[in-house]
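Here's a quick briefing to read alongside the model. Have the viewer open and follow along topic by topic.

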Amino acid sequence: MTPLFQPFLCGLRNRFFPGGRISSRTLLILAFGALLFAALYLVSLKTIFYFHSQNELGVILSLKIFEMAWMIVFTMLIFSSMVSGVSAVFLSHDNEIIFASPASLSELYLMRYLTTTFYTSWMMVIFSLPVFGAYGKIFEAGPIYLLILLPAVIAIAAIASGVGLAVTIILVRLFPARRTKDIVVYLSLLFGILLYFVIRLLRPEELADPERFPDFIEYLSRMSTPATPLLPPSWAADLLTGFLQDHSFDWLLAALLLLTPMVVYFAGEWAMSRMFFSGFSKAQESFGGSRRFQPRSYRPSPMLWFFRKELKMFIRDSSQWSQLFLIGALVVVYLYNFKVLPLERSPIPADAVANIIAYANIGLTGFIVASLCARFVYPAIGAEGSAFGLILTAPLSLRRYMLYKYLFYLIPFTVLAATLLAASNHLLRITGPMWWISLVTGLIITWTVLAMALGFGSMYANFKAENQAAVLGGFGAILFLFTAISFELLTILAAGIPAYRLVRSWRWGLHFSNPIMVQTVGTLLLIVLAGGLISLISLRKGVEKMADNFH
Amino acid sequence: MLKIENLSKRFGHHLAVDNISLTVQQGEIYGFLGPNGAGKTTTIKMIAGLLQPDQGAIFINGASLAEQPLLCKQQTGYVPDRPWLYEKLTGMEFLQFIASLYGVAQERFRTAVTHYLTLFDLLDWQDHLIESYSHGMRQKLIMASVLMQDQPLLVIDEPMVGLDPKSARLVKEIFKQKARAGTTIFLSTHSLEIAEELCHRIGIIIEGRLRISGSMETLRAEAGRHDSGLEDIFLELTGAWELKEVIAALKANPAKPSEKQP
């Protein structure tokens, strides 16, 4: 084996088995992973069982979801490989040592390919197994199903990673961009378009509505045929579906799944041998070298300059702002869904359903806020990199530094959450107390989750990470998401009963009685108190830990 | 100006700094020398407030760093061995950011920045992104960001790394001038020539302990080498004297070309 793997393997060993022994941290991660694995399996089992127990249509629908899941896994892996590929192949710091050594490009490609595949897909491979494995249990496919499933998942990961890397290498060659990181913009946009096409090809909205088809036979036929027979995830889905239904095994599909990773790998290696050097040369050119920026006059205000610094670093880093396009698309699609909700076809009164959806929407908005916090706020402390030393040596307390960071993100996140809540309430034609319940609860959740993201981001800050996006797969980020979503769910559960009573009284035209008002105000105070306390504890813990992480 | 009392720092089982005490007077340039891994940077990081000591205390201008960290940091200018910078800011924006953190007045900022950017040949680059700067330019920028504040104590880790001869000469002159004006400078360096030329007193740290501290005369007397330069004294005191013999042998018997290539 090429010695190029040594840093990767030693890094893994030192991280998980420091001193040759399994560390308590590793055990904790394993326990957490096992718990998540079991939870995913049980939830999947319950969901698939629900579909499966309906009727023949339920079985077909569950298999259609199976195919969609494969498609989503594949697409996400390609995008993730493309983003990691730019960093790993062209921007990695060790390129200077490796490319200057007599190591061949094929060795370098093999190392980049396998390590990128590992980093981008280990989580997807491990956590897709309980979901797809649950199908085997429901369809009573037996242990052989699992023996087909595992290689199929690995093959799909290998193909996605190979395609992602090859496309990245070609893109870096094709686009004469001085800023190599700008390619991430193209990659993000490409992913958005790809995802759009995939979703359009699958036509998910038609699946739930047989009435849209002229007759039921056509609906069944649409459901039973693979949407994209030329794409590898369809091969994996079809191969496993065949086995799930009647234990048949399609050798052609198996061969395609087995051979395609090799074909894709050699195509990538070919692209690497012809295009890497020019792409790598371009990657080393600076974007700002020839460009002069407009100077501004100096005013001695730490907060003003802190905000200015944060903003400039965000705007000038294309890997950051390019994702705003995706957020824009996300918001549009999110709100569009509310516009097309068929409320009038519901068996219960439309305004009652609208109120229920508006309440559930607090959770959805909170989920979006938590995801965006994980992407932008959680890595914000570690992103300071070695320059964090400047903050530590400056006469600025870490508490104040944390406050500035919090205030910087507070405005955009408040605007985003308030816009999402207000716009969806407007589209749902919500009037009365639900408007305020959703806005107030949503904003408390947003402000708390923001503080949690900064707190966890400081506690697990990695000032040495080459790529802050990679930090998102780390233990701290997962813990943050888990804690943030738990807080959201608990808040929504706690506010459920008073919200229900308040809305019911309003809908029936009754006065808000004293007990209802006391319960409402009490719950609100409880949520504010809990949110404030969690925010304070998170930020304080972050302040305590962040300096230690720097050394 | 700078007083260190019984300072110790341990990383796991390794005692990086072991009970160091020293005092540096106002207007004095103190050179901190030692072999690689001796504990120089750890000591400097503790003085700059980056690392918390396990034991001991640091006083800057009479104020305890542990009790009044912000006051001490306000009076200390720290230049790290590797320049910490925000790559996506321009040189001028970086200087403005640092000045605002330390509360430098507008007028002082204007005159000092122009002065140091001109001295370091960075005036034409001030509005370009730092990511396009060379290593030397980065080092000069961070040096300018510290010098513009005119703090009473400068703590400098490897001041000449990456600087061209002209800039190195310039930095040495600035340090001398600053010291004459009353600034205290605590610097660590591997360049014995710089230490010999600049420093009023020199301390040598070995395996975390301050082996010796004093003027060149004190060091010569301790090493028993009354006519020697700092290099000989350093090698003697660090127990690396046998290296001299190895170097002499290498000079006398250089490798033949056939031995260089495999």
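**Where the two chains meet**

The contact draws 29 residues from chain A and 35 residues from chain B. Keep in mind that this is a predicted model.

- On the side of chain A that touches chain B, the elements giving two or more residues are helix 12 (302-315) and helix 16 (388-393) of chain A.
- Helix 12 of chain A gives the most to that side, with five residues.
- Sorted by class, the side of chain A that touches chain B has 13 nonpolar, nine polar and seven charged residues.

**A helix in chain A**

- Helix 18 of chain A covers residues 433-459, which is 27 residues. From first C-alpha to last, helix 18 of chain A reaches 39 Å, close to the 39 Å expected at 1.5 Å a residue.
- Is helix 18 of chain A mostly covered or mostly uncovered? Mostly covered: 21 of the 27 residues in helix 18 of chain A are buried.

**Chain B overall**

- Chain B has eleven helices and ten strands.
- The radius of gyration of chain B is 20 Å, close to the 18 Å from the globule rule for 262 residues, so chain B is as compact as a globular protein of that length.
- Taken along the principal axes, the C-alpha atoms of chain B fill a box of roughly 60 × 50 × 40 Å.
- Of the 262 residues in chain B, 45% count as buried.
- Take the contacts in chain B between residues at least 6 apart in sequence: 69% of them join residues at least 24 apart.

**The four-stranded sheet of chain B**

- Four strands of chain B make an open sheet in the order 2-1-4-5, with antiparallel pairing.
- Strand 2 and strand 5 (63-64) of chain B sit at the edges with a single partner strand each, so one side of each has no neighbour in the sheet.
- Strand 1 (residues 2-11) and strand 2 (residues 14-24) of chain B run antiparallel and are joined by seven bridges. Across that pair, Leu7(B) stands opposite Ile20(B) in strand 2 of chain B.
- The hairpin of strand 1 and strand 2 of chain B has two residues between the strands, and Gly12(B) takes a positive phi near 65 degrees there.
- Strand 1 of chain B also runs antiparallel to strand 4 (residues 55-60) of chain B, with five bridges joining them. Ile4(B) has Ile58(B) as its bridge partner in strand 4 of chain B.

**The six-stranded sheet of chain B**

- The order in this open sheet of six strands is 6-7-8-3-9-10 (chain B), and the pairing is mixed.
- Strand 6 (76-79) and strand 10 (209-214) of chain B are at the edges, each with a single partner strand, so one side of each is left without a neighbour in the sheet.
- From one strand to the next, the twist averages 15 degrees.
- Five bridges link strand 9 (residues 201-206) of chain B to strand 10 of chain B, and the two run antiparallel. Gly203(B) stands opposite Ser213(B) in strand 10 of chain B.

**A closer look at Thr238(B)**

- Where is Thr238(B) found? Thr238(B) lies in the loop between helix 9 (230-237) and helix 10 (241-252) of chain B.
- Thr238(B) counts as partly exposed because it has 18 C-beta neighbours inside 10 Å.
- Leaving out residues up to four places away in sequence, Thr238(B) touches Pro35(B), Ile204(B) and Ile206(B).
- Thr238(B) and Gln25(B) are 213 residues apart in sequence, and their C-alpha atoms are 26 Å apart in space.

Terms used. Residues are numbered from 1 along each chain as its sequence is written. Chains are lettered from A and ligands numbered from 1 in the order in which they are written. This is a predicted model: local features need pLDDT of at least 70, side-chain atom pairs count only at pLDDT 80 or more; totals for chains, interfaces and linings use all residues. Two residues are in contact if their C-beta atoms, placed from the backbone, lie within 7 Å. Ala, Val, Leu, Ile, Met, Phe, Trp, Tyr, Cys and Pro count as nonpolar, Asp, Glu, Lys and Arg as charged, and the others, Gly among them, as polar. The expected span of a helix is 1.5 Å times one less than its number of residues. A residue is buried if 20 or more other C-beta atoms lie within 10 Å of its own, exposed if 12 or fewer, and partly exposed in between; C-beta atoms are placed from the backbone. Two strands pair if DSSP finds at least two bridges between them. Axes are lines fitted to C-alpha atoms, for helices over the stretch in contact, and angles run from 0 to 180 degrees between N-to-C directions. The radius of gyration is taken over C-alpha atoms; the globule rule is 2.2 Å times the number of residues to the power 0.38.
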